[in-house]
Amino acid sequence: ASVTGHSLAEQLLILPGASLWFSPNEWLRILGPLPPGVRLTGEFAAATVAVVFVSNAASVRWFLDRYRTVMALPPVVWICYPAQGRVDLSRASLLNIVAGHSLHPVGEVAIDASWAAMRLRPIVKPR
């Protein structure tokens with residue numbers, strides 16, 4: 001549990017009844033107990049919350065390229081990255097990569113001492 005008393009799932013806006021897309025699945029335990037009615041979906045576009053863990057710049061680019069056409073569909077998208085920074089992935093480089101995909105951060109959550117989660121939304125282009 002965090003200092004706010006909210007579980008990590010709650011901080012990531014995984015609410016009761018949510019449809020959760022999560023990758024990689026073996027990391028799911030980091031969320032702890034999920035709220036009631038949360039169901040996992042293998043379909044990114046069908047999720048109400050999408051959470052991905054990335055460890056390097058290549059995995060960020062792969063994720064953004066793979067889901068480029070549906071990135072705006074889940075109302076909540078989190079990209080979880082090493083908080084300490086890695087040789088090829090820091091908060092600054094992550095911001096550069098996502099900006100190149102017309103995404104911007106709208107929130108951030110500390111997962112633990114090693115990981116942080118950045119919530120992304122598409123940049124809405126003025127018409």
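**Entry 1: Ala113**

I started with Ala113 and looked up its contacts, where contact means heavy atoms within 4.5 Å. Leaving aside neighbours within four places in sequence, Ala113 touches Ala83 and Gln84. I also checked a C-alpha distance: Ala113 and Gln84 are 29 residues apart along the chain, and their C-alpha atoms are separated by 8.2 Å.

A note to myself on the model: it is predicted, so local features need pLDDT of at least 70 and side-chain atom pairs count only at pLDDT 80 or more, while totals for chains, interfaces and linings use all residues. Residues are numbered from 1 along each chain as its sequence is written, and side-chain values use heavy atoms, with hydrogens and water left out.

Where does Ala113 sit? I found Ala113 in the loop between β5 and β6. Strands here are DSSP runs of E with at least two residues, helices are runs of H or I with at least four, and both are numbered from the N terminus. Buried or exposed? Ala113 has a relative accessible area of 64%, so it counts as exposed. The cut-offs I used are under 20% for buried, over 50% for exposed and partly exposed in between, with a 1.4 Å probe and protein chains only.

**Entry 2: the strands beside that loop**

Next I followed the chain out of the loop. A hairpin joins β5 to β6 through 4 residues. Strand β5 (residues 103-110) and β6 run antiparallel and are joined by 7 bridges; two strands pair if DSSP finds at least two bridges between them. Ala110 stands opposite Ala116 in β6.

I then looked at the other partner of β6. Strand β4 (residues 76-82) pairs with β6 in the antiparallel sense over 6 bridges, and Tyr81 has Ala116 as its bridge partner in β6. I noted that 6 of the 8 residues of β6 (residues 115-122) are buried, so this strand is largely enclosed by the rest of the structure.

**Entry 3: the whole sheet**

What is the strand order of the open sheet? I read it off as β2-β1-β3-β4-β6-β5, which is 6 strands with mixed pairing. The edge strands are β2 and β5, each pairing on one side only. Helix α2 (residues 57-66) packs on the sheet and touches β1, β3, β4 and β5, and its direction makes about 165° with that of β4. That angle is between N-to-C directions on a scale from 0 to 180 degrees, using lines fitted to C-alpha atoms, for helices over the stretch in contact.

A reminder from class: strands of a sheet pair through backbone hydrogen bonds, either parallel or antiparallel.

**Entry 4: Thr41**

Thr41 lies in the loop between β2 and β3. A polar atom of the Thr41 side chain is 3.0 Å from the backbone nitrogen of Glu43. Beyond its neighbours within four places in sequence, Thr41 is in contact with Ser19, Leu20, Trp21, Ala46 and Ala47.

**Entry 5: aromatic rings**

I went looking for ring pairs next. Rings of Phe, Tyr and Trp (its six-membered ring) pair if their centres lie within 6.5 Å; planes under 30 degrees apart are stacked, over 60 edge-to-face, and the rest tilted. How many aromatic pairs did this rule give? The count comes to 11.

One of them is Trp21 with Phe44, an edge-to-face pair at 5.0 Å centre to centre with 80° between the planes. This pair links distant parts of the chain, with Trp21 in β1 (residues 19-23) and Phe44 in the loop between β2 (39-40) and β3 (49-53), 23 residues apart. Both Trp21 and Phe44 are buried.

Phe63 and Tyr67 have ring centres 5.6 Å apart and planes at 50°, so I wrote that pair down as tilted. Phe63 and Tyr67 are buried as well. Ring pairs link Trp21, Phe44, Trp62, Phe63 and Tyr67 into a cluster.

**Entry 6: salt bridges**

A salt bridge needs a side-chain nitrogen of Lys or Arg within 4 Å of a carboxyl oxygen of Asp or Glu, and I got 2 of them. Arg68 meets Asp65 at 3.8 Å, N to O. Arg68 is exposed at 53% relative accessible area, whereas Asp65 is partly exposed at 39%.

Glu108 meets Arg91 at 2.8 Å, N to O. Glu108 lies in β5 and Arg91 in helix α3 (residues 91-99), so the pair ties together parts that are 17 residues apart in sequence.

Conventions. Polar contact = N/O pair within 3.5 Å; in protein donor to acceptor, adjacent residues only side chain to side chain.
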